[in-house]
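Dear colleague,

I am handing over the structure that we spoke about, and you will find it just below.

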Amino acid sequence: MSTERFSVLPTTQATAAPIRDDILRNPGFGRYFTDHMAHVRWTLEAGWHGHEVRPYGPLTLDPAAAVLHYGQEIFEGVKAYRHADGSVWTFRPEKNAERFRRSARRLALPELSDEDFIDSLRALLAQDHAWVPTPASEADESSLYLRPFMIASETFLGVRPAHEVDYYVIASPAAAYFKGGVKPVSIWLSSHYKRAAPGGTGFAKCGGNYAASLAAQKEAETHGCSQVAFLDAAENKWIEELGGMNLFFVFRDGRIVTPRLTDTILEGVTRDSVLTLAQDEGLTPEERPISIDEWREGAASGEIIEVFACGTAAVITPVGELVTEEGSIRLAAEGDNEVAKRLRTRLLDLQYGRSEDTRGWLTRL
Ligand code: COI
């Protein structure tokens, strides 16, 4: 692979090093952006062309651009990690590239090749590598969060797949997604709102799914919760996922269960990695439907000993309680989320190069 296809227009207004270092010490999540962005254009006539890295800045879009009206848009989340020797790596980017193509097909957008996807990350990092935080300790999960996205930019109000599309990658230094780090979070069960329905876009990483989760997210916040759990639309019974993360249930007998993939669930890269790493931890992973009743009963009987959420942004975050209109579901024993912590350590050690990458999951940027 080669990034030479990307022409580079360097910024003349790079963030001064002391300001950048100050940001990197306390980046939060999604608040600050690096000096450049990658861009590739697509038109029906010419296909993908114009690969470039240019200064980060506002986009110029016609007010009639299709994305602003019909939401024809997809995105990804990928992290870049700085290892102890200063090198910068990313984790299973080919899985994100593949999912990005799947999302593109569902949203009737053009597919970007895996090569263009990974090279765009590399081309951006070649300019902005100084923005990748150096973790202060093994507990520090700071990284550079990369956000590839694709939008329908054609100026046209008719409803059809756009003939002009733009792909960008922006980058944002990131600390833990949840303010408390690995502290268990409270989750609200949305009994009214649904995130996705069969035949819809639930499996695609498109803005519409996240927009559809926001009213429920607001509801969650009024109940003191930081995330929402969604049930399936057909039976209002089966656990699907959170607004932007997958869920795992740890059973006392060593089983670790996550809802099996359907077209209403996003196939998380962290989800897939946890299913593999769980076996290294001597656990037995299961992908199968799991109902809200099983959660309630398993938590009450002590059969379910931990619940955790996972995603690129969230890594692995324990769930302390599920708040529902009928009351809270708490685990019988207030455990120390030992399994979630073990898996989290195993994942972060791999991502930060502290353990051997026996599966070839790391790609140097
Ligand atoms: C990610 O984990 O990368 C996401 O896109 C989820 C979002 C909650 C930030």
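Confidence comes first: this is a predicted model, and the mean pLDDT of the protein is 95, with 98% of its residues reaching 70 or more. For the model as a whole, the scores are ipTM 0.96 and pTM 0.95.

As for the overall layout, the protein is divided into two parts, namely domain 1, which covers residues 7-176, and domain 2, which covers residues 185-352. The C-alpha centres of domain 1 and domain 2 lie 27 Å apart, and where the two domains meet, 23 residues of domain 1 are in contact with 16 residues of domain 2. On the side of domain 1 that touches domain 2, the elements that give two or more residues are the strands β4 (73-75) and β5 (78-82), together with the helix α3 (93-106). Of these, α3 gives the most to that side of domain 1, contributing six residues. When the residues on the side of domain 1 that touches domain 2 are sorted by class, nine are nonpolar, five are polar and nine are charged.

The ligand is the next thing to look at. The residues around the ligand are Gly77, Gly244, Gly311, Thr312 and Ala313, and by class this shell holds one nonpolar and four polar residues, with no charged residues.

Helix α6, residues 269-280, packs with helix α8, residues 338-351, at an angle of about 110°, and the axes of the two helices are 10 Å apart. Because angles of 65 to 115 degrees count as roughly perpendicular, α6 is roughly perpendicular to α8. On the α6 side, the contact is made by Ser273, Val274, Leu277, Ala278 and Asp280, while on the α8 side Leu343, Arg346 and Leu347 take part. Taken by class, the residues of the contact of α6 with α8 divide into five nonpolar, one polar and two charged.

With best wishes

Key:
Residues are numbered from 1 along each chain as its sequence is written. This is a predicted model: local features need pLDDT of at least 70, side-chain atom pairs count only at pLDDT 80 or more; totals for chains, interfaces and linings use all residues. pLDDT is the predictor's confidence in each residue, from 0 to 100. Domain bounds come from an automatic or database domain assignment. Two residues are in contact if their C-beta atoms, placed from the backbone, lie within 7 Å. Helices (H or I, at least four residues) and strands (E, at least two) are DSSP runs, numbered from the N terminus. Ala, Val, Leu, Ile, Met, Phe, Trp, Tyr, Cys and Pro count as nonpolar, Asp, Glu, Lys and Arg as charged, and the others, Gly among them, as polar. A residue is near a molecule or strand if its C-beta atom, placed from the backbone, lies within 6 Å of it. Axes are lines fitted to C-alpha atoms, for helices over the stretch in contact, and angles run from 0 to 180 degrees between N-to-C directions. Angles under 35 degrees count as roughly parallel, over 145 as roughly antiparallel, 65 to 115 as roughly perpendicular and the rest as oblique.
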